[in-house]
Amino acid sequence: MRAAPRRSIEKSNAQFQKALKRLPLGVASTFRYWGDDRTIYVDHGKGGRIWDIDGNGYVDYRLGYGPAILGYADERVDAAARRGMEVGGVFALSTERELAVADRIAKMVPGVDLVRYSNSGTEAVMAALRLARAHTGRDSYLLIEGAYHGLFDAAMWMANVEEWSQRGGGDPEVVAYSKGIPQELKTLAHLVPMNDLQRLEDTFKRHGNDMAAMLIEPIQGNCCGISASGDYVRLARKLCDQYGVLLIIDEVKTGFRVARGGVQSLHGVTPDICTFAKAMANGYPIAVVAGREEVMRTFRYGGAAHGGTYTAHSVSLAAAEECLRILDETPALETLAKYGENLKAGMSRILNRRGIVHSYAGHDSMFGLFFAEKAPDNYRDWKTSDYSFYDQMAYHLHDLGVICEPDSREPWFMCEAHDASCLEDTLVAFETAVDMTLEH
Ligand code: PMP
């Protein structure tokens with residue numbers, strides 16, 4: 001069956017023109033701008049679907065960049081959030097619930113002794129890096145190419161792979177993601193390609209004695225779900241120990257999604273510090289920086305400063321308490337991983353019938369799709385591959401009522417509400433989108 005062609009987004013287009021007068025690019029976050037005639041405005045979401053202001057429904061695999069792990073407007077979590085609202089919001093004082101949630105996290109994630117809260121992934125990773133610097137007395141740090149750790153200056157360095165592939169040798173130069181980041185800070189950031197064991201060793205040999213931390217996303221949620229191999233994560237742990245560098249595992253996207261104890265638990269590696277956010281409260285703004293006792297106790301007067309007006313807000317905390325309970329005590333994670341497995345199998349059937357070579361990266365709960373025999377091992381491979389078929393297909397999918405990110409670096413996120421009806425609608429649209437892309 002061929003899916004119906006695009007519905008109208010007239011109201012979204014009109015809203016965009018009005019919003020342009022008040023909001024830069026007509027949006028509240030630059031990543032939400034999809035072009036002058038494609039930027040949609042959401043009316044509401046429920047379960048695995050969203051509806052725009054024109055009344056078009058979409059099966060949604062962005063899930064707000066991952067948080068809606070149980071589906072939008074989950075009644076269990078929303079009821080808990082309402083209870084959090086009734087007690088008063090923020091007090092600039094402590095509540096019992098912050099210990100209850102911290103206890104749950106420590107129970108779920110091996111190696112977590114102590115927990116501090118933040119409001120966003122950016123804030124949590126920023127706190128983690130400050131903690132590592134305060135604890136080690138060192139300033140520089142190691143990032144992996146293709147990683148995203150948030151919007152703060154220290155995280156926003158990337159490899160200039162275009163220039164590097166033209167040059168055809170050596171290492172890519174390090175460039176800032178954004179204007180407004182002081183060039184002076186560049187000397188503190190070192191970059192390595194994912195999964196290259198030799199380069200990792202060499203980099204530690206050169207800079208290990210000066211580095212405070214190595215940051216690693218065990219599945220790159222901002223680079224197609226490219227995964228660190230177990231060997232790579234274990235080598236990172238070993239080198240960090242050898243050089244007195246703290247290992248920060250950033251599980252802002254993977255945490256409480258891929259496994260109850262994080263991807264770190266699947267590799268049997270314990271970081272010194274780890275960060276969690278998105279899936280922990282089904283979309284309510286809360287994040288954590290957590291880790292080993294000796295390191296975490298550096299959050300103190302005279303040590304690493306940490307805090308914030310909205311930290312451990314009672315609404316988000318109550319939502320996190322209920323969401324983590326569900327993820328810990330019910331088979332939600334197994335269910336949504338199974339939905340991802342079914343979706344991948346359905347897509348593969350469609351692609352195989354047409355002889356289209358493809359592969360997947362990541363995990364069933366968050367996966368990248370590639371039109372190549374083998375998924376890339378690192379950002380350099382992805383950047384120098386041809387992703388134009390994917391990009392075209394993504395636009396057709398939107399027109400047919402399925403939302404994935406138009407940028408192939410963002411994985412497909414699964415939620416507990418992506419049931420059989422979502423799967424069926426998605427596969428009908430997918431088949432049409434693939435054929436439309438082939439026709440061009
Ligand atoms: N770390 C990782 C791994 C992320 O994926 C993100 C956001 N996509 C962040 C940090 C920053 O989180 P936030 O957008 O909540 O600031």
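Guide: Of the 15 residues around the ligand, Ser 120, Gly 121, Thr 122, Gly 150 and Val 252 come nearest; a residue is near a molecule if its C-beta atom, placed from the backbone, lies within 6 Å of it. This is a predicted model, where local features need pLDDT of at least 70, side-chain atom pairs count only at pLDDT 80 or more, and totals for chains, interfaces and linings use all residues. Residues are numbered from 1 along each chain as its sequence is written.

Visitor: Which helix gives the most to the shell around the ligand?

Guide: Helix H4 (residues 121-136), with three residues. Helices (H or I, at least four residues) and strands (E, at least two) are DSSP runs, numbered from the N terminus.

Visitor: What is the shell around the ligand like by class?

Guide: Five nonpolar, seven polar and three charged residues. Here Ala, Val, Leu, Ile, Met, Phe, Trp, Tyr, Cys and Pro count as nonpolar, Asp, Glu, Lys and Arg as charged, and the others, Gly among them, as polar.

Visitor: How many helices and strands does the protein chain have?

Guide: You'll find 14 helices and 18 strands. The radius of gyration is 22 Å, close to the 22 Å that the globule rule gives for 440 residues, so the protein chain is as compact as a globular protein of that length. That radius is taken over C-alpha atoms, and the rule is 2.2 Å times the number of residues to the power 0.38.

Visitor: How is the protein chain divided into domains?

Guide: Into domain 1 (10-61 + 332-439) and domain 2 (75-329), with bounds from an automatic or database domain assignment. Their C-alpha centres lie 26 Å apart.

Visitor: What about the inside? Which residues touch the most other members of the largest nonpolar core?

Guide: A nonpolar core is a set of buried Ala, Val, Leu, Ile, Met, Phe, Trp, Tyr and Cys residues joined through C-beta atoms within 7 Å. Buried means 20 or more other C-beta atoms within 10 Å of a residue's own, exposed means 12 or fewer, and partly exposed is in between, with C-beta atoms placed from the backbone. The largest core has 127 residues, and Ala 213, Met 214 and Ile 248 touch the most other members.

Visitor: Is Arg 409 buried or exposed?

Guide: Buried, with 20 other C-beta atoms within 10 Å. Arg 409 sits in the loop between strand E17 (402-403) and strand E18 (412-413). Not counting residues up to four places away in sequence, Arg 409 touches Asn 222, Cys 223 and Cys 224.

Visitor: And what can a phi angle tell me?

Guide: Most residues other than glycine have a negative phi. Ala 73 has a positive one, near 50°, in the loop between strand E3 (57-60) and helix H2 (75-86). Asn 282 also has a positive phi, about 55°. Ala 73 is partly exposed, with 15 other C-beta atoms within 10 Å, while Asn 282 is buried, with 31.

Notes: Two residues are in contact if their C-beta atoms, placed from the backbone, lie within 7 Å.
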